[in-house]
Amino acid sequence: MPRRTPDRLPALTRMRRYVTGSFVALVAFMTVFYVAALTTEGAPAWLVVAVVAVSVAVAAHSVFWERGAPWWLATLSLASSAALWWAAHLAEQNLTLLLFFGVSVGLVTTTPPFTSWRWLAAAVGVAVAPLLVAGPGARPVVLPVSIAVVVVTMAAIYLVYRLNRYGFDLYLEIEAARETTAELAVVRERYRFSVDLHDIQGQALHVSRLQLQLADKTLDRDPAEARRHLREAEQLIVQTIAETRRLAYGQRTLTLAGELANSTELIRAASIDLVVDGAPPVGHPADDLFGHAVREATTNLLRHAQAEHVTIRLRDDTVVVENDGAGEAPRLLSGLARLGERFAEIGGSVTTSHHDGVFRLEARAASAGAGGLAGATRASFAPGPGVATGGRA
């Protein structure tokens, strides 16, 4: 099994490791710097050992920057770093050792439940306290400046950790949005697959039933005609199995020309007169949706209409299907609603009308010559006074 490299780790894991490594590296750098500086200055050995011990506690505390350290570790880090700062100041050693305490405070006060400003104010009070008990002769002059430096230092360290927390929270939101987008993509693909599968199976099953009914009616008076209907039903089932297999393996490409040829065969097999006016546009961006419109209309009229004449009109950006078999004002069906939604996504529309027994479905896409589908902004599914026959249940 190949070894998992850091580049293959999830982005969020890599981000956490980067931030944790940065904080630990910061403490390690401070440790090396102070050990070198104190040794050069001739500081007592106990102070050098104390710096190393405190740095270990603060570095361990830094590992828990995101979720908060165990109480004993946080307490150890705060208490030891505060004691180091007090000892350094009272012994008149390197006063920048305050940074260890500042890091501990920054870690604690940016992690719940200690994010209230009161905790930060208390920590600043602890940092300022040794300045008030020190006894150098120049204290009245130096004291205000020293306090200001300590307060600014503590505030600056706190701000660094707060900004890091804010940035990481934004990253978490982006990661959550990315996961949601991926889940929605899966849902959309499943929805598309289910619709295509329903198109294939629904149309084939209804036409096969029609062929079997015709075979049953003609079996006694014309066995040859009955066998012809049975063969056509068998061929349709074979084609449907092949279409389903291509759909399952992602090899199926739906086109207007292909669906027009298929619908022509099915409509004429049902002994319905068909007129095709125009030719499929070549290379239209909405070619597959036009194919879906023809398939939907064909399924509808075979299932619900008693049509004798069907007309399909093809224009550059429009497909119109009319049949004369809609005796009643039909109901709104989910198939047409879904088709309207898909056209709406590209700035098109699907409209239907019913008048004097004639049902008309018009699928219109945004004009490719007027800015293309990408420039379309308006789309709708607008059922007419009587919404079409058909659609999938």
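Start by selecting Trp65 and Phe168: both are buried, where buried means under 20% relative accessible area, exposed over 50% and partly exposed in between, using a 1.4 Å probe on protein chains only. A word on what you are looking at: this is a predicted model, in which local features need pLDDT of at least 70, side-chain atom pairs count only at pLDDT 80 or more, and totals for chains, interfaces and linings use all residues. Residues are numbered from 1 along each chain as its sequence is written, and side-chain values use heavy atoms, with hydrogens and water left out.

Keep both rings on screen. Trp65 and Phe168 make an edge-to-face aromatic pair, with 5.0 Å centre to centre and 85° between the planes. (Rings of Phe, Tyr and Trp, the last by its six-membered ring, pair if their centres lie within 6.5 Å; planes under 30 degrees apart are stacked, over 60 edge-to-face, the rest tilted.) Trp65 sits in the loop between helix H2 (45-62) and helix H3 (71-90), while Phe168 belongs to helix H6 (residues 139-218), so this pair ties together parts 103 residues apart in sequence. Helices here are DSSP runs of H or I with at least four residues, strands are runs of E with at least two, and numbering goes from the N terminus.

The whole structure has seven aromatic pairs. Another one to pick is Phe33 with Tyr34, also edge-to-face, at 5.4 Å centre to centre and 70° between the planes. Colour these two by accessibility: Phe33 counts as partly exposed because its relative accessibility is 44%, whereas Tyr34, at 2%, counts as buried.

Next stop, H5. Select residues 117-133: these 17 residues should span 24 Å at 1.5 Å a residue, and the end C-alpha atoms are 25 Å apart, which agrees. (The expected span is 1.5 Å times one less than the number of residues.) Zoom in on Ala127, where H5 bends by about 30°, with Pro130 following within four residues. That bend is the angle between axes fitted to the seven residues ending there and the seven starting there. Buried residues of H5 include Leu120, Val124 and Leu131.

Finish on the strands. S1 (residues 273-277) and S2 (residues 309-314) run parallel, joined by five bridges; strands pair if DSSP finds at least two bridges between them. Asp273 has His309 in S2 as its bridge partner. From S2, a hairpin leads through three residues to S3. S3 (residues 318-323) pairs with S2 in the antiparallel sense over five bridges, and Asn323 in S3 stands opposite Val310.
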